[in-house]
Amino acid sequence: MDTSNKLELLKSRLRELESVAVAFSGGVDSTFLLKVAKDTLGDKCIAVTIHAMMHSNREIEEAKAYTKALGVKHIVIEIDNFDIKEFIDNNEKRCYYCKKAIFTNIKNIANENNIKYILDGTNLDDLGDYRPGLKALEELNIKSPLKDSLLTKDDIRSLSKVLNVPTFDKPAFACLATRIPYGETITNEKLRMIEKSEEYLQDLGFKQFRVRAHDCLARIEVEENEIYKFFDKEILKSTHNKLKDIGFKYVTLDLLGYRMGSMNDSIKH
């Protein structure tokens, strides 16, 4: 099935749902989904964004700006104290407990706004990674129309470009908790250190990156074709000094470069 047919299938599925709340992070997938849902359902589509400690403030602001430009009703739920024990303890099922709490909040908002269904941006490629959060979505009857329409990440980027969705070439992003190894307690302090460090790399011009936090050590991942930038002595030194100022004791560069889900390497599944 080509991308245009998949897009028509997506629109058809959305029309069947009649009214939807899109769980909106501002990333590639949820932005594309929101655009198509808004075009298809008009005011029967709203966006709901959770703003908790594991989310980047910069990403939240970008999400707000896009919903405003699109003219879609946007509800931001501020969660000041995300104290789900299983999330804080950070075991291998962390994502399940996080998704369960987040989407329960979104369901409440949907009910208050007389919205029938909640949508998330899971795509077909996501099924190939370790994602315990998918089980929580299934239990809460969250719909994943991108996946159901057989849309891959490449399809979504391609169609986003055609539809003038600004995130068509946006780098992949994930919640900040994915930068902390399983078993290491998640704290707001660690998450803010990661956030500030990644904002610094973004401001330097890096496109795809992660700062993985191993206790007091920061492990920087950037794409292979950008590693050479660190061969500049000034970039190397300024990055080291900046991340130490932020609070890390040691700063290191991962020689293999950026790998999506690299914190899952130790999991056998």
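The second largest pocket is lined by 20 residues, and Glu 59, Phe 173, Gln 202, Lys 207 and Phe 209 sit nearest its centre. Keep in mind that this is a predicted model, where local features need pLDDT of at least 70, side-chain atom pairs count only at pLDDT 80 or more, and totals for chains, interfaces and linings use all residues. Residues are numbered from 1 along each chain as its sequence is written, and side-chain values use heavy atoms, leaving out hydrogens and water.

What's a pocket here? On a 1 Å grid over the protein atoms alone, it's an open set of points with protein on both sides within 12 Å along at least five of seven lines, and lining residues have an atom within 4 Å of a point.

Which elements each supply at least two residues of that lining? Here they are:

| Element | Residues |
|---|---|
| Helix H3 | 57–70 |
| Helix H9 | 188–204 |
| Strand S5 | 209–214 |

H9 gives the most, with four residues. Helices (H or I, at least four residues) and strands (E, at least two) are DSSP runs, numbered from the N terminus.

Now for the whole chain. It has ten helices and seven strands. Its radius of gyration is 19 Å, close to the 18 Å that the globule rule gives for 269 residues, so the chain is as compact as a globular protein of that length. That radius is taken over C-alpha atoms, and the rule is 2.2 Å times the number of residues to the power 0.38. The C-alpha trace spans about 55 × 40 × 35 Å along its principal axes. Of the 269 residues, 49% count as buried (under 20% relative accessible area, with a 1.4 Å probe and protein chains only).

Note on methods: 1 Å grid on protein atoms, 1.4 Å probe; cavity = no way out; pocket = protein on both sides within 12 Å on 5 of 7 lines; lining within 4 Å. Buried < 20%, exposed > 50% of the residue type's maximum accessible area, 1.4 Å probe, protein only.
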